[in-house]
Amino acid sequence: MSNNIMELLQGIIGELKVIAKSETIVGQPVTAGERTVIPVTRISVGFGAGGGEDGKVENGSRFGGGGGGGAVIDPVAFLILEKDKVSLLTAKKKGSFDKIIESAPDVLAALKSLATRKSSGDSGDDEEKS
C-alpha cells in the first residue's frame, strides 16, 4: 500500500509543480511600444491524498485510494518598465505583501544608481579627503 500512496502523491505534486513554476508567479513580459509590462501573481496550492487496502491475503491485497489538488492564481501587480522608469500598478487593496512589492522599483532604481556611480569611479562620498 505504501508504494501506491507514494505514486499517488508524486503524481499530484508533479502536476502542482507544473502549475506553480516561477514563470507563473513572475509572468512573461509583454512589450507594447516603448513599455514592457510584467505581471506578478500570488499562487496558493493545496493537495490531499488517502488510501487503504482490505488486507485479505487469500485473494491478494486490494488497494483503493484517491487524491486531488488545486491552485489559486491571484494577480497582485504589474511592473511597468519604460525607458528609465519603473512603476508598479497594484491589482488589489494594499496589504503588507503589496507594500513590499511596491518598494521594488525604488530598490531597483537605487541599485542602478549605485552601479552607475561605481562604473564611473564615483564613491558617492561628498566630503573631500585632506
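How many bridges join strand β1 to strand β2? The legends below take up this point and others in a predicted model.

**View 1. The pairing of strands β1 and β2.** Strand β1 covers residues 30-32, and strand β2 covers residues 35-53. Three bridges join the two strands, which run antiparallel. In this pairing, V30 has V37 in β2 as its bridge partner.

**View 2. The hairpin turn between β1 and β2.** The two strands form a hairpin, with two residues lying between them. G33 is in the turn, and its phi is positive, at about 65 degrees.

**View 3. The pairing of strands β2 and β3.** Strand β3 spans residues 63-82. Its pairing with β2 is antiparallel and extends over 18 bridges. Within this pair, V45 stands opposite A71, a residue of β3.

View 4. The secondary structure consists of four helices and four strands.

View 5. The protein has 130 residues, of which 13% count as buried. Among contacts with a separation of 6 or more, 51% are accounted for by residues 24 or more positions apart.

Conventions: Residues are numbered from 1 along each chain as its sequence is written. This is a predicted model: local features need pLDDT of at least 70, side-chain atom pairs count only at pLDDT 80 or more; totals for chains, interfaces and linings use all residues. Side-chain values use heavy atoms; hydrogens and water are left out. Two strands pair if DSSP finds at least two bridges between them. Buried means under 20% relative accessible area, exposed over 50%, partly exposed in between (1.4 Å probe, protein chains only). Contact means heavy atoms within 4.5 Å.
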